[in-house]
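Here are my notes on the model, as numbered points. Please keep the structure open while you read.

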Amino acid sequence: MNIDVVLGLQWGDEGKGKIVDVLAARYPAVARFQGGPNAGHSLHFEGKKFVVRSIPSGIFREGSTNVIGSGVVLDPVTFREECLNLEKMGIATREKLCISKKAHLILPTHRLMDAALEAAAGKGKIGSTLKGIGPTYTDKIGRHGLRVGDILAPDFRARFDALKARHLRQLKDLGYECDPDKDEAQWMDAVAFLKEYKLVDCEYFVNEWLDTKPMLAEGAQGSLLDVDYGSYPFVTSSNTTIGGVCTGLGVAPSRVGHVYGIFKAYCTRVGSGPFPTELFDETGEELRRLGNEFGAVTGRPRRCGWLDLVALKYSVMINGVTDLIMMKSDCLDSFEEIKVCTSYRVDGVPSDHVPFDTHAAIEPVYTTFPGWKTDLTGCRKEDELPQAFKNYVAFMEQFLGVPIKIISLGPDREATIER
Ligand code: IMO
Ligand code: MG
């Protein structure tokens with residue numbers, strides 16, 4: 001059986017939570033393969049909103065198995081908080097979750113390091129969510145990290161203290177004033193809580209599962225935040241693109257089936273970094289208001305702009321997207337005209353490539369479409385969609401060379417058209 005993948009094609013916040021929740025009805029298991037509590041995946045059903053951070057969005061489906069893979073970085077405190085909230089809803093998290101022993105642990109001092117590094121970066125700051133993501137992956141690659149499986153070792157406390165001491169030296173070098181012990185007691189309590197969960201050898205678990213049953217992999221962040229292919233250094237510290245599925249879960253590329261690439265009908269970005277189609281005018285404000293573009297994790301207002309098809313085509317290429325999923329086109333319902341960026345002028349020169357240099361002056365070249373001026377939120381069938389909207393969709397499919405298989409027209413599970 002295959003592992004199918006849902007991943008974001010822009011700068012995160014594409015609506016992955018909703019789509020995983022919709023698709024999870026067809027997959028008995030959902031796995032997160034990278035990222036950590038920097039993610040905030042929102043789901044809406046039965047008139048309520050739910051946000052998950054480290055836990056796969058499949059958790060809400062009855063009988064589902066949910067895997068936190070080796071490529072994820074886990075903060076035991078956030079994890080416990082999420083689990084307790086889910087338990088209140090009657091979801092048996094201990095039964096439904098499996099956590100890779102190889103996932104790395106976010107320590108309280110990793111969070112402090114994140115804050116210290118951002119403070120030291122001044123104007124060049126990344127705009128991190130300050131959840132300790134970058135420092136934890138740094139320790140992983142530097143081979144100093146602590147992993148979930150280590151919590152079972154008799155010398156865990158000593159290893160924790162050694163890593164903490166290392167962080168304290170780094171914090172001192174950065175001249176960062178803080179109380180390094182503040183969150184330690186609750187972190188240790190949360191580690192004890194984590195011990196009650198199924199800690200697994202993720203690579204065996206996933207491969208044996210796939211011998212008989214399908215699985216869905218849920219990406220966090222977006223392709224343009226990938227540490228290798230995003231707008232470095234304004235990226236997150238993991239591979240958010242398709243390769244991350246193989247390394248993060250221990251599966252071969254030949255196991256990967258459908259690659260669902262998810263994008264919003266406009267663009268948003270939180271944090272710093274290039275954003276060629278960003279709007280600083282009333283239209284940008286309007287997009288933020290209509291799309292309620294405020295961070296699920298940090299509450300920060302998101303930067304908003306028109307859809308960037310050059311960047312989207314780049315993400316489609318890198319991930320080998322087989323099926324596109326378009327989100328939030330209903331937020332454009334009231335616009336007289338709708339623009340999409342179809343090429344760039346990079347330092348004055350026409351180009352259809354995303355440039356290497358994040359400081360390059362990119363001027364977007366737009367194609368303009370007449371707005372459909374119809375409320376799409378009630379549409380549930382293809383033939384209810386206005387012609388102007390259909391033309392817009394057809395143009396994108398032609399440009400990107402991949403069919404748009406799902407159109408989402410509102411946050412609720414039900415507001416979804418499959419084609
Ligand atoms: P989901 O999964 C949007 C952004 C941060 C910052 C950069 C690095 O909800 O789509 P980090 O904390 O990872 O060191 O921050 O990446 N970022 C996200 N933006 N959605 C996310 O996740 C994000 N996770 C990180 O704003 O610019
Ligand atoms: Mg988010």
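In which hand of crossing does α11 pass α12?

1. The crossing is right-handed. Bear in mind that this is a predicted model. The axes of helix α11 (residues 309-319) and α12 come within 10 Å. They cross at roughly 55 degrees. That angle is why α11 counts as oblique to α12.

2. Now the residues at that contact. From α11 come L309, L312, K313 and V316. They meet F395, M396, F399 and L400 of α12. By class, the contact of α11 with α12 has seven nonpolar residues, one charged and no polar.

3. Next, the largest nonpolar core. It holds 55 residues. M326 and Y392 touch the most other members. Helix α12 (residues 387-400) gives this core its largest share, five residues.

4. Another core lies apart from the largest one and has 33 residues. Its members include L107, V148, I151 and Y197.

5. α6 passes α7 in a right-handed crossing.

6. In this pair, F156, R157, F160 and K164 belong to α6. The contact of α6 with α7 divides into five nonpolar residues, three charged and no polar.

Terms used: Residues numbered from 1 in each chain as written. Chains lettered and ligands numbered in written order. Predicted model: local features only at pLDDT ≥ 70, side-chain atom pairs only at ≥ 80, totals over all residues. Heavy atoms only, no water. Core = buried A, V, L, I, M, F, W, Y, C linked by side-chain atoms within 4.5 Å. Buried < 20%, exposed > 50% of the residue type's maximum accessible area, 1.4 Å probe, protein only. Helix = DSSP H or I, 4+ residues; strand = E, 2+ residues; numbered from the N terminus. Left-handed = near helix turned anticlockwise from the far one by under 90°. Contact = heavy atoms within 4.5 Å. Nonpolar A, V, L, I, M, F, W, Y, C, P; charged D, E, K, R; others polar. Axes fitted to C-alpha atoms, helices over the stretch in contact; angles between N-to-C directions. Parallel < 35°, antiparallel > 145°, perpendicular 65-115°, else oblique.
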